[in-house]
Amino acid sequence: MTHKIDHELLNREMAADDPWRLDGNPFERERHTQILRLSLAQGRVANALEVGCAAGAFTERLAPICQRLTVIDVVEPAITRARLRMKETPHISWIISDVQQFSSDELFDLIVVAEVLYYVGDLVQIRAAVRNLVGLLAPGGQLVFGSARDANCQRWGHAAGAETTIAMLNESLTEIECIECRGASINEDCLLALFRKPISTS
């Protein structure tokens, strides 16, 4: 699946009233509740990054626990809709960017990346995105990852999902907790994982 096809797919999804049913589906609300719980593992957050905001359903829950929040998404309609939803929120920065290309002068205490990485392309591109995110995370910082499982992602035409990406993250970060979220549909089956970046003693 190419980047062009992915962008077209994302833009089509964003045209819906409730993209991916993130507001109306009980499974998605529970998934967001668990992602927020994992995000709060070390209390309120000084500087956070949310990768992929859709229409801002989770941004609305994440923003109040962060002193500063940077939100990136690869498609402009997502940023536009999330900004409208959040109205004037001065502690949020909004950036249209690919997760593989995004860079920052500051490191983040928390990175949340859920249901995003399987869109970036093949395994090489997913690994490049993981490497970039690990580099953006401050020592001792947390990364909260969520994704549909490999089997579902592959059935949807993506290279990999949760299990493969979690294994990549475990190469550089320490896994603290991993939980399952399941709903009524075969498509409602994901893994959420909390990672911490080791603090170098050298």
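Guide: Start at Lys87. This residue follows helix H4, and its phi is positive, near 55°. Helices here are DSSP runs of H or I with at least four residues, strands are runs of E with at least two, and both are numbered from the N terminus. The model is predicted, so local features need pLDDT of at least 70 and side-chain atom pairs pLDDT 80 or more, while totals for chains, interfaces and linings use all residues. Residues are numbered from 1 along each chain as its sequence is written, and side-chain values use heavy atoms, with hydrogens and water left out.

Most residues other than glycine have a negative phi. Lys87 has a positive one. Two further cases come up below.

Now the loop. Thr89 sits between helix H4 (76-86) and strand S3 (92-96). The side chain of Thr89 reaches back to the backbone oxygen of Met86, at 2.6 Å. That is a polar contact: N or O atoms within 3.5 Å, where within protein one atom must be able to donate a hydrogen and the other to accept it, and residues adjacent in sequence count only if both atoms are side-chain atoms. Thr89 is buried, with a relative accessible area of 17%. Buried means under 20% relative accessible area, exposed means over 50%, and partly exposed lies in between, using a 1.4 Å probe and protein chains only.

Met86 is itself one of the buried residues of H4, along with Ala78, Ile79 and Ala82. These cover an arc of only 95° around the axis, so they fall on the same side of H4. The arc is taken from the directions that run from the helix axis to the C-beta atoms.

Ile96 counts as partly exposed, at 47% relative accessibility. Apart from neighbours within four places in sequence, Ile96 is in contact with Asp73, Val74, Glu76 and Ile79. Contact means heavy atoms within 4.5 Å. Ile79 is also among the buried residues of H4. Glu76 is 20 residues away from Ile96 along the chain, yet their C-alpha atoms are separated by 6.2 Å.

Next, strand S2. Thr70 is in S2 (residues 66-73). Thr70 counts as buried, at 11% relative accessibility. Beyond four places in sequence, its contacts are Ala48, Leu49, Glu50, Ser93, Ile95, Phe102 and Phe108.

Now the other positive phi values. Ala54 is not a glycine, but its phi is positive, about 50°. This residue lies in the loop between S1 and helix H3 (59-62). Ala54 is buried, with a relative accessible area of 11%. Glu115 has a positive phi too, near 55°. It lies in the loop between S4 and H5. Glu115 is buried, with a relative accessible area of 18%.

At the start of H5, a side-chain oxygen of Asp122 reaches to within 3.1 Å of the backbone nitrogen of Val124. H5 covers residues 123-136, and its 14 residues should span 20 Å at 1.5 Å a residue; the end C-alpha atoms are 20 Å apart, which agrees. The expected span is 1.5 Å times one less than the number of residues. Buried in H5 are Ile126, Ala129, Val130, Asn132, Leu133, Val134 and Leu136. Their cover includes strands S1 (45-51), S4 (108-114) and S5 (137-148), and helix H7 (162-169).

Aromatic rings come next. Rings of Phe, Tyr and Trp (its six-membered ring) pair if their centres lie within 6.5 Å; planes under 30 degrees apart are stacked, over 60 edge-to-face, and the rest tilted. The count comes to three pairs. Tyr118 and Tyr119 have ring centres 4.9 Å apart and planes at 40°, so this pair is tilted. Both Tyr118 and Tyr119 are buried.

Cys181 is buried at 6% relative accessible area, and Cys53 is buried at 3%.

Last, the whole chain. There are seven helices and seven strands. From the N terminus they run α-α-β-α-β-α-β-β-α-β-α-α-β-β. Of the 202 residues, 52% count as buried. Among contacts between residues at least 6 apart in sequence, 66% join residues at least 24 apart.
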